[in-house]
Amino acid sequence: MGTGTAVEDDENVHVWAVYLEIQRSKSTTKGRCVGTLIHERYVLTAAHCVHNLKFENIKLYFGLFLISTLAQCLADRVCQERRAAELIVHQDYNSHARLNDIALIRVSEAVQFTQDVRPACLPFNYLFDESLASPRVLSFGWGEYQQGTMSDSKRIVQLEIIKEDECGEQLKKWQRFNTSMLSSVMCTVGVLAGQDVCEGDSGAPIVHIRDDRYFVIGVVSFGPKCGMGTGTAEQWCSTHYNHCSKHYAYCDHEKIHSCASYYATQHNGEKTDAYYHIEDDENIHVWAVYLEIQRSKSTIKGRCVGTLIQERYVLTAAHCVHNLKLENIKLYFGLFLISTLAQCLADRVCQERRAAELIVHQDYNSHARLNDIALMRVSEAVQFTDDVRPACLPLDYLFDESLANDSRVLSLGWGEYQQGTMSDSKRIVALNVIGQEDCGEQLRKWQRFNASMLFSVMCTVGVQAGQDVCQGDSGAPILQLKDGRFFLVGVVSFGPKCGMSTGKAGMSMRVSEYKNWILANLKRIDGGS
């Protein structure tokens with residue numbers, strides 16, 4: 001990508017790259033831009049790539065390395081083609097000054113995640129810029145790489161971010177300079193002379209590697225003649241993609257080329273929480289949400305657990321919130337000890353929210369506990385801090401296969417941990433996922449068995465006798481640790497008497513089976529109200 005760039009992405013590391021083929025109405029030549037897959041239906045790119053473009057004049061190709069092999073790549077089903085269903089250009093985009101040069105493309109049909117097609121990682125941490133003490137980043141695309149020659153292959157270029165004050169000085173020399181650029185634009189230069197982004201790379205991501213993951217922190221916008229490498233006046237500018245956390249908690253990892261692996265584990269939901277003795281006193285599980293529930297016919301406050309998956313959304317069990325009035329539920333984020341809740345809120349470590357919407361699965365059956373999964377939209381966006389962060393959603397449909405080598409998962413909550421005693425602290429329990437055949441046999445013995453459970457439910461048992469999820473842990477996440485990350489793979493639903501080492505399994509909703517339902521119900525990026 002870019003003049004002089006000689007590194008090809010021949011191992012297809014950057015599986016989120018999207019090749020945009022553009023037909024302008026007044027041109028006989030097809031143009032090209034680059035996009036970044038951030039969700040099965042959404043691609044991020046530059047506004048100037050799609051501004052005033054008709055839907056029929058843009059094609060999006062996923063999983064592509066060599067343009068010359070596109071037809072074969074599609075025939076082999078390695079590549080995927082989509083059309084645009086909606087072009088969402090930033091409302092304050094200014095084509096003359098290139099202000100707010102950022103856009104989303106909603107595709108006509110959800111992209112299928114495979115080894116060659118995965119979404120990129122969005123930076124949720126609002127302090128992300130501070131990590132740029134090492135200013136090296138990279139970008140890629142199919143743009144010009146020799147004077148007048150467009151690349152056939154996807155190429156990678158190393159760039160360096162220049163300091164904000166120097167970037168500001170460069171911007172002020174530009175004839176179209178606008179002061180709002182100072183906070184929304186980042187400047188980069190090629191690490192090696194003659195290597196840079198170039199014509200045809202507009203919309204490409206600026207990617208920063210942190211903790212072995214690729215984060216999209218910028219979108220290529222404009223710059224001087226590409227690849228001149230003379231420093232000072234030759235910086236390229238990118239729209240700064242800092243507060244992009246308005247979508248979901250996606251994680252990306254260079255080793256698995258994916259935003260999140262895909263799988264769902266299980267727990268005892270109806271009687272959920274753990275006879276475990278391990279407290280989460282270091283607050284590792286910052287996505288855990290304590291749900292305080294007031295049933296209309298009860299004077300006692302109930303409890304469930306939820307998982308923060310986006311700044312406005314919490315995932316839990318349907319039976320926790322079914323037929324509940326919005327005013328009868330409170331959600332607490334960042335909590336460890338219930339007894340210290342008031343102080344935790346006063347110290348602004350914890351956050352309290354009310355429910356603005358309860359989205360119970362449309363096919364939920366309270367008797368049979370079918371589709372026992374729900375989303376809660378909170379009244380006000382949660383602020384991400386060191387103590388409050390969203391969990392990783394599993395998007396890789398091959399994620400279940402990882403359990404063949406390691407069936408261990410864990411869950412957490414504030415449920416019963418001694419007979420009749422609810423826990424004051426957030427506790428962790430280790431569980432084993434049992435095989436689907438054994439799980440099916442367990443389910444068939446249940447008096448409310450329904451055949452559809454065989455695909456949507458996962459079974460778990462405590463690793464140690466007497467340790468399990470229990471009463472009060474309903475809705476809690478089932479988490480699998482892989483490559484140093486916790487993936488949300490199940491939602492605790494129902495099970496036998498907790499903590500009894502009878503070999504009877506607890507049941508959880510398999511997140512992998514509800515991935516599309518979850519994503520379809522997450523509100524749009526501006527989302528929420």
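Which residues do ring pairs link into a cluster with Y19? In this predicted model, the cluster is made up of Y19, Y61 and W142, joined through ring pairs. A search of the whole structure returns five aromatic pairs. In the pair formed by Y19 and W142, the ring centres are 5.3 Å apart and the planes meet at 65°; since angles over 60 degrees count as edge-to-face, this pair is edge-to-face. The two partners come from distant parts of the chain, 123 residues apart: Y19 belongs to strand β2 (residues 17-23), while W142 sits in the loop between β8 (136-141) and β9 (144-146).

Six of the seven residues of β2 are buried, which leaves the strand mostly covered. On one hand, β2 pairs with strand β3 (residues 30-39) in the antiparallel sense, over seven bridges. Within this pairing, A17 stands opposite T36 of β3. On the other hand, β2 is joined to strand β5 (residues 58-62) by five bridges, and these two strands also run antiparallel. Here Y19 has Y61 of β5 as its bridge partner.

In soluble globular proteins, nonpolar side chains tend to be buried together. The largest nonpolar core of this model holds 80 residues, and I309, L331 and F333 have the most contacts inside it. Strand β29 (residues 485-494) supplies the largest share of this core, namely seven residues. Because domain 3 (288-390) and domain 4 (409-513) both contribute residues, the core lies between them.

With its neighbours within four places in sequence left aside, L331 is in contact with V289, Y290, L291, V314, Q351, E352, R353, R354, A355, M376 and V378.

Apart from this core lies another one, of 62 residues, which includes Y19, L20, V34 and F215.

How values were computed: Residues numbered from 1 in each chain as written. Predicted model: local features only at pLDDT ≥ 70, side-chain atom pairs only at ≥ 80, totals over all residues. Heavy atoms only, no water. Phe/Tyr/Trp six-rings, centres within 6.5 Å; stacked < 30°, edge-to-face > 60°. Helix = DSSP H or I, 4+ residues; strand = E, 2+ residues; numbered from the N terminus. Core = buried A, V, L, I, M, F, W, Y, C linked by side-chain atoms within 4.5 Å. Buried < 20%, exposed > 50% of the residue type's maximum accessible area, 1.4 Å probe, protein only. Domains from an automatic or database assignment. Contact = heavy atoms within 4.5 Å. Pairing = 2+ DSSP bridges.
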